Amino acid sequence: MKPKMSTRELTKTALCVALLCISSYISFPIPFTPIVITAQTLVVSLIGLILNPMESFLSTLIFMLLGCVGLPVFSGGTAGIGKLFGPTGGFIIGFLAAAPLISFTKGKKVNPIRYFLSTVLIGMVIIDLCGTLMFSIQQQMTAAQSFSIGVLISALSPSSLFKVLSATVIPFIPGDLIKCVLAVAVGTALNKIPGFQSVSAAVKEEQKHPEGTIS
């Protein structure tokens, strides 16, 4: 059977899952909004920068599944599938798309400028978009005490989206930019380590040492 992931890739993915879980505990609640500042977005950006698209997707998917089955890995040590359908669940769901797309757009060469553009224009936008849409829908459902097409239309109206953006995204943009800079700095340093990012090197190693692969 054709090898899927090398031991090195599997280890990197597992470490990124662990790092993402730990980042959930680095959280600071904000009085004027239910959104909690965490290190999660920093780690999601870093995952996209140091892993390939498939590994990035698997890392965020495993993290999400761990939280859904009851392990306290979501922000503030919370857990449960209900978290994904709560006001801030959209941000978590956004991780699934943001990390692999950052990885896909970062390029093959180590380029801090491109890294920064990928984390900001791809990662931040996707996470904030998913978070804003879910939060707006939740607000309208709470007001109507049910879900309907009318609730969805109201949630997607410009006025509703602007209110949500003002409360959950705009105040956090400076902090998000700082986290992107930190992710780029760490990602650049790691990817400059010989062999750390090289897919071809991993493939050659697999061919020389087939026993070190997972199939």
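1. Contacts along the chain. Among contacts (heavy atoms within 4.5 Å) between residues at least 6 apart in sequence, 71% join residues that are at least 24 apart. The model is a predicted one, in which local features need pLDDT of at least 70 and side-chain atom pairs count only at pLDDT 80 or more, while totals for chains, interfaces and linings use all residues. Residues are numbered from 1 along each chain as its sequence is written, and side-chain values use heavy atoms, with hydrogens and water left out.

2. Elements. The chain has nine helices and four strands; these are DSSP runs numbered from the N terminus, helices being H or I with at least four residues and strands E with at least two. Read from the N terminus, their order is β-α-β-β-α-α-α-α-α-α-α-α-β.

3. Burial and surface. Of the 215 residues of the chain, 42% count as buried. Buried means under 20% relative accessible area, exposed means over 50%, and partly exposed lies in between (1.4 Å probe, protein chains only). The chain exposes about 11300 Å², and carbon and sulfur atoms supply 74% of that area. Accessible areas come from the Shrake-Rupley method with a 1.4 Å probe, and for residues only the protein chains shown count as cover.

4. The largest pocket. Rolling a probe the size of a water molecule over the atoms shows where empty space is left. The largest pocket holds about 510 Å³ of space. Its lining comprises 30 residues, of which Ile35, Val36, Thr38, Thr41 and Lys179 lie nearest the centre of the pocket. Two or more lining residues come from each of strand 3 (36-38), helix 2 (40-50), helix 4 (89-105), helix 5 and helix 8 (173-191). Helix 5 gives the largest share of the lining, five residues. A pocket is defined on a 1 Å grid over the protein atoms alone, as an open set of points where a 1.4 Å probe fits, with protein on both sides within 12 Å along at least five of seven lines; lining residues have an atom within 4 Å of a point. Grid points are joined across faces, edges and corners, and the volume is the space filled by probe spheres set on the points.

5. The salt bridge. Side chains of opposite charge can pair when their charged atoms come close. The structure holds one salt bridge, a term that requires a side-chain nitrogen of Lys or Arg within 4 Å of a carboxyl oxygen of Asp or Glu. The side chains of Lys179 and Asp176 form this pair, at 3.5 Å from N to O. Both residues lie in helix 8, three residues apart, which is about one turn of the helix. Lys179 and Asp176 are both buried.

6. Asp128 lies in helix 5 (residues 112-144). Asp128 is buried yet has no salt bridge, and the nearest side chain of opposite charge, Lys179, is 8.6 Å away. Not counting residues up to four places away in sequence, Asp128 touches Phe91, Val169 and Asp176.

7. Ile127. This residue also belongs to helix 5. Ile127 counts as buried because its relative accessibility is 6%. Apart from neighbours within four places in sequence, Ile127 is in contact with Thr41, Val44, Gly90, Phe91, Gly94, Phe95 and Ala98. The C-alpha atoms of Ile127 and Ile92 are 7.7 Å apart in space, and the two residues are 35 apart in sequence.

8. Ser45 and Leu49. Ser45 is found in helix 2, and Leu49 also has its place in helix 2. Ser45 counts as buried at 6% relative accessibility, and Leu49 is buried with a relative accessible area of 0%. Not counting residues up to four places away in sequence, Ser45 touches Ile102, Thr119, Cys180 and Ala183. Leu49 and Val186 are 137 residues apart in sequence, with 9.2 Å between their C-alpha atoms.

9. Thr105, in helix 4, is partly exposed, with a relative accessible area of 23%. Phe172 lies in the loop between helix 7 (158-168) and helix 8, and Phe172 counts as buried at 10% relative accessibility. The C-alpha atoms of Phe172 and Ile37 are separated by 8.2 Å, although the residues are 135 apart along the chain.

Technical notes: Lys and Arg count as positive and Asp and Glu as negative; His and the chain ends are not counted.
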